[in-house]
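I opened the notebook to work through a new structure. I wanted confidence first, then cores, contacts and strands.

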Amino acid sequence: MKLKYILPIICIVILSMSCSTDDDDTPQTIDEIAELKKIQDITTNEHTIELYSKSGVFKTGYNEVFIRIKNNTEQSYFENANIAWTPMMQMPSMLHSSPHSTISKVSNKKTLYTGSVVYQMTNTDGSGWSLTLNYSINGMEYSATETINVMQSAKQNVTSFMGSDDTRYIIALIEPLDPSIGINDITVGLYKMESMMSFPVVENYTIMLDPRMPGMGNHSSPNNTDLSFNSSDTMYHGDLSLTMTGYWVLNLKLLNTSDTVLKGEDVTESNEKSSLYLELEF
Amino acid sequence: MKHLIIVVASVLFGHTLFAQNNVVTKRDTTELEKIIVVAERKLSNYRQEKTLSSVDTYLEKSNRVTMIKRGNYAWEPAINNMISDRLNVTIDGMQIFGACTDKMDPITSYVDVSNLEQVTVNSGQEGTENGHCVGGGIDLQIASSHFNESGLKTSADLGYETNGNYKMAGLDFEYSGDKLYLTTDGIYRTSDNYKAGGNEEVAYSQFKKYNLSFKGGYKLTNQQAIETNVIYDKATDVGYPALPMDVSLAEAFIASASYHYKNQSTFIKSLETKFYFNSITHIMDDSNRPDVPIRMDMPGWSDTYGFYSKMKINANKHHFLMNLNGYHNRSLAEMTMFSNSPNEPDMFMYTWPDVRTFYSGLYAKDHWQLNTFESLSFHTRLGYHLNKVANDVGLHSLQIFYPDMEDTQTRFLTSISTDYTFQKNQFNTTLGLGYGERAPSVSEGYGFFLFNSFDKYDYIGNPHLKNEKAIEVNIKSGYQFKTIKLGLESSFFHISDYIIGEIDPDISPMTIGANGVRVYQALNHASIFNVYLNAHISISKAFSFNSTIGYNYGRGSNHNNLPLIKPLSYLAEVNYGTPKFNGAIQLEGNGNQSKYSPFYGENETPAYAVLHLNFGNILYVKHNKIVFKYGIENILDTHYSTFADWNNIPRQGRNFYVNMSVIIP
């Protein structure tokens, strides 16, 4: 509980400190994180690994994370790091990871690296997760592990389920982060749980979309398109029509490459909701 | 005084063709259809059945006009069986547009009889003087005053009706000097729920309204004057028994300033230029309804700026009228639904996405007196019409349906018509031909999930609609044989690209309980026909008999009947009138609505007939005049509804009323 209160203070202190130092020597560096908020630092003896995102917190669902590594002695940021990471969740009976991308350098930035991670669950107090970073700088290997706080998102933006093919899948809403009335581009990540540690992207399936508004007679909206796989960003894309603001349930049906339904049902008079769905509110 | 009597007669026999013609002679013999309603403030109110009846009730007395009723207030006028979207309704030539997406605030609801001198109703393309239309035009003409040095005149009105405990009070001051006139009036009306026949209370039929107006004129020279006019109208707590929502506020502010030039000796006989502004706020909500699937608010706003400039020229046998006008309107309406689960956020959408309409056009009319018996007249209006969706969110919401839609749409609109009149001895006839176009209304073009409680469908506008085009033919004939006058009046409209909502089974309705979604589309064509026969017999100097029978027909190219087409209708009345007393007994009714339109949500309305009785007395106390009007409406307390009653809400049962006007010169 205390951390919840201390963390923002630390953030403010760090931010104000970095502000004051930036003014002195490296004003360009600060531009690289201008629109980002710090999630937390992972400190080792030599380095401080700074984790950022647009919201400044880890939440269940899809997280786009930005990372930079500071040399504690020189107070400068490395431009040539190779970073790999592993999120881990400690559950009472088992330890598992979650879908996460590789980490690459942000184009046009010198010190900033990015990757994405999907947290499919969390404990009610945000505990349970840790993050291990293995990185190399100038041929030297380093490792750092720290517990992280993952807050529960207000709406279901990720779900993990067993398909009819006896495979466990995870589906996570990536876009729209900021939905608006009209046709939104919807982007979803689909992952298969191969093992406790391996969550590869599932390719070339189809995700059928039926958005509904349960607060208003469970009506749908026109001109939605089903999501299909895009091999260049390895995500699923479709059109999501939102006719009004409010709470929407995105009912989904997952079809494999041979169009067999793996999970989800049609919404009908008697079936208000598919067993596979995501939620959205704006 | 002679004119006065003619006007009075026309009002009393407002159903007849001839009386209308008579009135018109004073102004322009070519006007085909002109119903002149004289406001209570004028002396002639003596002959009205009710001095304080609403504008709606006045309009309903006309053949061609039917009033669509959603409650006891704000009835929607229809001409030739065509409603608001196909009409052009103006106040003294000023464009003004309702702010309600559900047509709960026709323009006629924002003025009161106390503001008006007369209402001009023109059928079809004759109604295009102020704007494009297909069905016709209504111009609510504001009472004008003159520089006649009559000094101060005061009049007061009081009225009461038993049905609904309806109370009215009005006060009117008029000052007229040599160079200046000032008139101001106010009227207040309040009614509880009315009772249908059989003492059945119609819930949510109450209303309250007041209206204030001011008019001033200043004479610059003998030929020139400037005038200004302001009307403020506010209705609150208006119930709509036929609809799922009520109106907590309907407010209009209407203002204008004009310049007038008149000279009988110059080439240009008169010139009038007016600049105007009006703003309407309409707040629709369901807070008075105990049981709704979901609470919602639907406010709407409509602001219009505009001008017109009219010029009259007389040359030889020609009478020219030119009218250059333009306006800019902004229509915005939104809808907020409050979720029943407290942790869900409010749901919001734009139902009219801030639609801007810009119009500019020119009207010209020539009346050509060929000889003593014959005349020809030509009317034309050409206009440029632009719509723009100014709200991005609104545009994006419409782009869900029309991904390639752009925010701006322009149109050219044409109207042209001609008529020929022959008048000799006891016979007169007018033949008319016309072609006209109209742009889709804001709802038809840009409405977003507008729930129509009539057919229970959600309606979606269609920005790609073509102009609706109408070809019309009309005939009007009268023959007088001694004390008997016979009249025939008929029009036929062939309307191409007739705009109407078509079911789209693929779209899921938004409104809870709606049957589905209709998208505005165009039928290839539709035909509307009407015919009225009239007979008027003067039995003696005081006694007369008048009767009218009418038939209407409307059908679309999809072989479905059109909705809201009046069935066979009739009226018969016996009048007794002397200078100080008048009385009348009326029978009016409709036949069975056999040609109803189930496809557009109608059910068959059975035949009905109701009986009314009315009396009027006039008293002079010193120089003051007191006019009493009293009577019984629906004497037999018949429980009925007509084809024009939204969702078959029953009309008023028996009603005793009394109106009193005191005029202090």
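The entries below follow the order in which I looked things up.

**Confidence.** I noted that this is a predicted model. I read off ipTM 0.82 and pTM 0.86. For chain B I found a mean pLDDT of 88, with 92% of its residues at 70 or more. Residues 1-47 of chain B stay under 50 in pLDDT. The model still has 123 contacts beyond four places in sequence for that stretch.

**Domains of chain A.** I then looked at where the two touch: 11 residues of domain 1 are in contact with 11 residues of domain 2. On the domain 1 side, strand S4 (61-71) and strand S7 (95-96) of chain A each supply at least two residues. By class, that side divides into five nonpolar, six polar and no charged residues.

**Core.** Which residues touch the most other members of the largest nonpolar core? I listed Ile170(A), Ala172(A), Val188(A), Leu190(A) and Ile207(A), out of 159 residues in that core. Domain 1 and domain 2 of chain A both give residues to this core, so it lies between them. I recalled that nonpolar side chains tend to be buried together in soluble globular proteins.

I followed up Ala172(A). Leaving aside neighbours within four places in sequence, its contacts include Gly61(A), Tyr62(A) and Val118(A). Asn157(A), Val158(A), Val188(A) and Gly189(A) are also in contact with Ala172(A).

**Chain A against chain B.** I checked how many residues each chain puts into the contact: 19 from chain A and 25 from chain B. The chain A side has six nonpolar, 12 polar and one charged residues.

**Strands of chain B.** I traced an open sheet of four strands with mixed pairing, in the order S4-S3-S6-S5. Its edge strands are S4 (94-95) and S5 (116-123) of chain B, each pairing on one side only. S5(B) runs antiparallel to strand S6 (residues 136-142) of chain B, and seven bridges join them. Within that pairing, I found Val119(B) opposite Leu140(B) in S6(B).

I then turned to strand S1 (residues 65-68) of chain B. Are its faces buried or exposed? Both are covered. Val65(B) and Met67(B) are buried on one side, Thr66(B) and Ile68(B) on the other. Four bridges join S1(B) to the antiparallel strand S2 (residues 76-79) of chain B. I noted Pro77(B) in S2(B) as the bridge partner of Met67(B).

Definitions and conventions:
Residues are numbered from 1 along each chain as its sequence is written. Chains are lettered from A and ligands numbered from 1 in the order in which they are written. This is a predicted model: local features need pLDDT of at least 70, side-chain atom pairs count only at pLDDT 80 or more; totals for chains, interfaces and linings use all residues. pLDDT is the predictor's confidence in each residue, from 0 to 100. Two residues are in contact if their C-beta atoms, placed from the backbone, lie within 7 Å. A nonpolar core is a set of buried Ala, Val, Leu, Ile, Met, Phe, Trp, Tyr and Cys residues joined through C-beta atoms within 7 Å. A residue is buried if 20 or more other C-beta atoms lie within 10 Å of its own, exposed if 12 or fewer, and partly exposed in between; C-beta atoms are placed from the backbone. Domain bounds come from an automatic or database domain assignment. Ala, Val, Leu, Ile, Met, Phe, Trp, Tyr, Cys and Pro count as nonpolar, Asp, Glu, Lys and Arg as charged, and the others, Gly among them, as polar. Two strands pair if DSSP finds at least two bridges between them.
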